[in-house]
Amino acid sequence: MVNYGSNEADFSEKSEMDEEDIRKMKIIVCLDDKGGMLFHHRRQSADSAVRRRIAALCSGKKLWMNPYSAAQFAADSLPDICVDDRFLQKAQPGEFCFVEDTPLGPYEAEIESITVYHWNRVYPADLYFDIPLQDHGWRCEETEEFTGTSHERITMEVYKR
């Protein structure tokens with residue numbers, strides 16, 4: 001069942017808080033070799049093996065995304081998908097957010113981990129991942145390569161601070 005959030009506007013601004021007071025969400029992104037995410041408002045690629053891995057990773061936890069991203073998960077039975085245009089603002093500590101078309105830099109302080117699925121090829125792109133992981137103190141704690149359904153080799157990396 002897909003949970004569509006309300007369209008009510010939330011105009012509350014982020015207040016300055018201590019690092020430990022800020023909620024921590026878990027981000028999932030898919031990137032090409034140059035950090036590309038999107039081209040002309042369209043995802044660069046998709047792979048059902050990645051979606052299955054995302055489902056396993058998020059098992060038992062909410063997986064937040066916007067309506068654009070939810071379209072590719074509709075055929076996959078993920079009971080805990082929450083769909084809302086303001087998904088990054090609504091995710092609670094420990095919950096996952098699948099991000100395809102939204103800059104993440106403004107939310108970096110609220111991120112606990114970033115799981116990156118690398119397509120291991122270059123696609124045309126005009127929207128790029130905007131967090132320079134190594135420069136901002138993120139360290140790769142896990143790496144795994146696997147064969148996708150539409151990609152010969154996909155690399156998953158998990159970054160934490």
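**Nonpolar cores**

I began with the nonpolar cores of this predicted model. The largest one has 23 residues. I noted the members with the most contacts inside it: Ile 27, Val 29, Leu 88, Cys 97, Val 99, Ile 114 and Phe 129. Strand 2 gives the largest share, four residues.

I then picked Val 99 and listed what it touches, leaving aside neighbours within four places in sequence. Val 99 is in contact with Ile 27, Ile 28 and Val 29, with Met 37, with Phe 87 and Leu 88, and with Leu 104.

There is also a second, separate core, this one of 22 residues. Among its members are Ile 54, Leu 78, Ile 154 and Met 156.

**Helix 1**

Ile 54 took me to helix 1, where I found that Ala 49, Val 50, Arg 51 and Ile 54 are buried. At the start of this helix I looked at Asp 47: one of its side-chain oxygens comes to within 2.8 Å of the backbone nitrogen of Ala 49.

**Aromatic pairs**

How many aromatic pairs does the model hold? I count two.

In one, the ring centres of Phe 73 and Phe 98 are 5.3 Å apart and the planes stand at 75°, so I logged the pair as edge-to-face. Phe 73 belongs to helix 2 (residues 67–73) and Phe 98 to strand 7, so the pair ties together parts that are 25 residues apart in sequence. Both Phe 73 and Phe 98 are buried.

The other is Tyr 117 with Phe 146, also edge-to-face, at 6.2 Å centre to centre and 80° between the planes. Since Tyr 117 sits in strand 8 and Phe 146 in strand 10, this pair joins parts that are 29 residues apart in sequence.

**Arginines over rings**

The charged end of Arg 53 sits over the ring of Phe 146, 3.7 Å from its centre. Arg 43 lies over the face of Tyr 68, 4.5 Å from the ring centre.

**Salt bridges**

Searching the whole structure, I got six salt bridges. I followed up some of them.

Arg 53 came up again here: it forms a salt bridge with Glu 144, with the closest N and O atoms 3.0 Å apart. Glu 144 is in strand 10 (residues 139–146) and Arg 53 in helix 1 (residues 48–57), so the bridge ties together parts that are 91 residues apart in sequence. Glu 144 is partly exposed at 30% relative accessibility, and Arg 53 is partly exposed too, at 27%.

Next I looked at Arg 161 and Glu 108, whose side chains meet in a salt bridge at 2.6 Å, N to O. Where do the two partners lie? Arg 161 is in the segment after strand 11 (154–160) and Glu 108 in the loop between strand 7 (96–98) and strand 8 (111–118), 53 residues apart. Arg 161 counts as partly exposed at 45% relative accessibility, whereas Glu 108 is buried at 9%.

My last entry is Arg 153, which forms a salt bridge with Glu 145, the closest N and O atoms being 3.0 Å apart. Arg 153 is partly exposed, with a relative accessibility of 39%.

Definitions and conventions
Residues numbered from 1 in each chain as written. Predicted model: local features only at pLDDT ≥ 70, side-chain atom pairs only at ≥ 80, totals over all residues. Heavy atoms only, no water. Salt bridge = Lys/Arg side-chain N within 4 Å of Asp/Glu carboxyl O. Helix = DSSP H or I, 4+ residues; strand = E, 2+ residues; numbered from the N terminus. Buried < 20%, exposed > 50% of the residue type's maximum accessible area, 1.4 Å probe, protein only. Polar contact = N/O pair within 3.5 Å; in protein donor to acceptor, adjacent residues only side chain to side chain. Core = buried A, V, L, I, M, F, W, Y, C linked by side-chain atoms within 4.5 Å. Contact = heavy atoms within 4.5 Å. Phe/Tyr/Trp six-rings, centres within 6.5 Å; stacked < 30°, edge-to-face > 60°. Lys NZ or Arg CZ within 6 Å of the ring centre and 35° of its normal.
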